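Biologist: Before we look at individual side chains, could you show me how to read the features of a model like this?

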Amino acid sequence: MQANPELLFSVDEQKLRALCDNLADSLSKVEKGSFEDYLEKCADAMGDIINSFIPKGSHPDMWTYLYGPLTSYSQNAGKRHRPLICAMAAMAVGGDWRKSLSAGAAIEHFHTAALIHDDIADDAELRRGEPCFHLKEGEGLAINAGDLGLAVVNGIVMCDPHLSDSEKVRVSLELVSMACSTVEGQALDIGWARDNRYDLSIDDYLLMARHKTAYYSGGVPLAIGAIVGGGTDTQVEGLRSFGMATGLAFQIQDDLLNLVGTKEAKEKDYRSDITEGKRTLVAVHALAHSPERDRLEEILSSKAKDPELLAEAVRIMQDAGSIDYARDYAQKLVAEAKEELAPIIEHTDAYDQLVSMADWFVSRLK
């Protein structure tokens, strides 16, 4: 018997209202103008909402092998910044943040799927301080769970009773474009490492990072939030541009944290970008400017895990000024993005949160 998609993607409205009340209560306690406090106070409440959109399945073993492990993985999540900035964008244009929840959940489940698949592709070991999904459940079930995360993205939005048909179509097209852009960027990232490409320019890296990260970590969540919040075309595109710039800064900061991060970063495959030969902004700049280019290329090609070799690579990058270059580039992106946003969005509490978000993206500790 064919499954009814409306039943598959339906959410218990009474439960969702209660979860929204919890999030509203958390929002009321957020320190004005502090994005970090926004994340800290609201991440758990938003996470409960996100997980309410995961189906339960029609057979108990579906929960055992699919929905249960995916729910557990999602519960050990990060800061939920993507659905939270989607809600923030809706508020910034004067809309109701509740209309952003299905889209925020869709983006977050896409993110979950991407992480599961990325960890398999990268042969990673740790994610958020725990063994990766494929190490806990096996590679086959991990791939399948990631496939589910991708499959539910548009279904969640198309079955949202709080969105008009035109809003559903517009949001779904944004999500499809976001997914295509992300996998394009991932293809470049993985392919360059596989083929030992060292002929890459800064512009090559920036294009890859925009596609791989900036669309789904900044540009699209903010654009969708503005769309469902009733923003003007100028506001939608202004917030998209702001999200693309700050999302790129977010990726550059992620690259830096992998090399010179804090204790928490070291629980997430510290310096694994060197082991995987990733063409980060730091690496590309160092390969173009270091007198020890050949040695750095040798280490990046060796899949090294020896801490001493990893430290040597970082030292070469530091000596070339590449770590400072990347940090300065990210900070310049954020400064310009804030300047361009100022005349587009009314200067409310939500606007202050957006500005704080931009600053947090380049100063966060992981």
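Modeller: Let us begin with the aromatic rings: Phe35, Tyr38, Phe250, Trp360 and Phe361 form one aromatic cluster. Rings of Phe, Tyr and Trp (its six-membered ring) pair if their centres lie within 6.5 Å, with planes under 30 degrees apart counted as stacked, over 60 as edge-to-face and the rest as tilted. Please keep in mind that this is a predicted model, in which local features need pLDDT of at least 70 and side-chain atom pairs count only at pLDDT 80 or more, while totals for chains, interfaces and linings use all residues. Residues are numbered from 1 along each chain as its sequence is written, and side-chain values use heavy atoms, with hydrogens and water left out.

Biologist: How many aromatic pairs does a search of the whole structure find?

Modeller: The search finds eight aromatic pairs.

Biologist: Where does helix α4 bend?

Modeller: A bend at a residue is the angle between axes fitted to the seven residues ending there and the seven starting there, and helices (H or I, at least four residues) are DSSP runs numbered from the N terminus. Helix α4, residues 60-75, bends by about 45 degrees at Tyr67, and Pro69 follows within four residues. Buried means under 20% relative accessible area, exposed over 50%, and partly exposed in between (1.4 Å probe, protein chains only); in α4 the buried residues include Tyr67, Gly68 and Pro69.

Biologist: Which side chains meet Arg295 in a salt bridge?

Modeller: A salt bridge is a side-chain nitrogen of Lys or Arg within 4 Å of a carboxyl oxygen of Asp or Glu, and by this rule the count comes to 25. Arg295 meets Glu298 at 3.2 Å, N to O, and these two residues, three apart in helix α15 (residues 293-301), are separated by about one helical turn. Arg295 also meets Glu312 at 2.9 Å, N to O.

Biologist: Where is Leu281 placed?

Modeller: Leu281 is in helix α14, residues 281-289, and is buried, with a relative accessible area of 1%. Leu281 and Ile202 are 79 residues apart in sequence and 6.8 Å apart in space, C-alpha to C-alpha.
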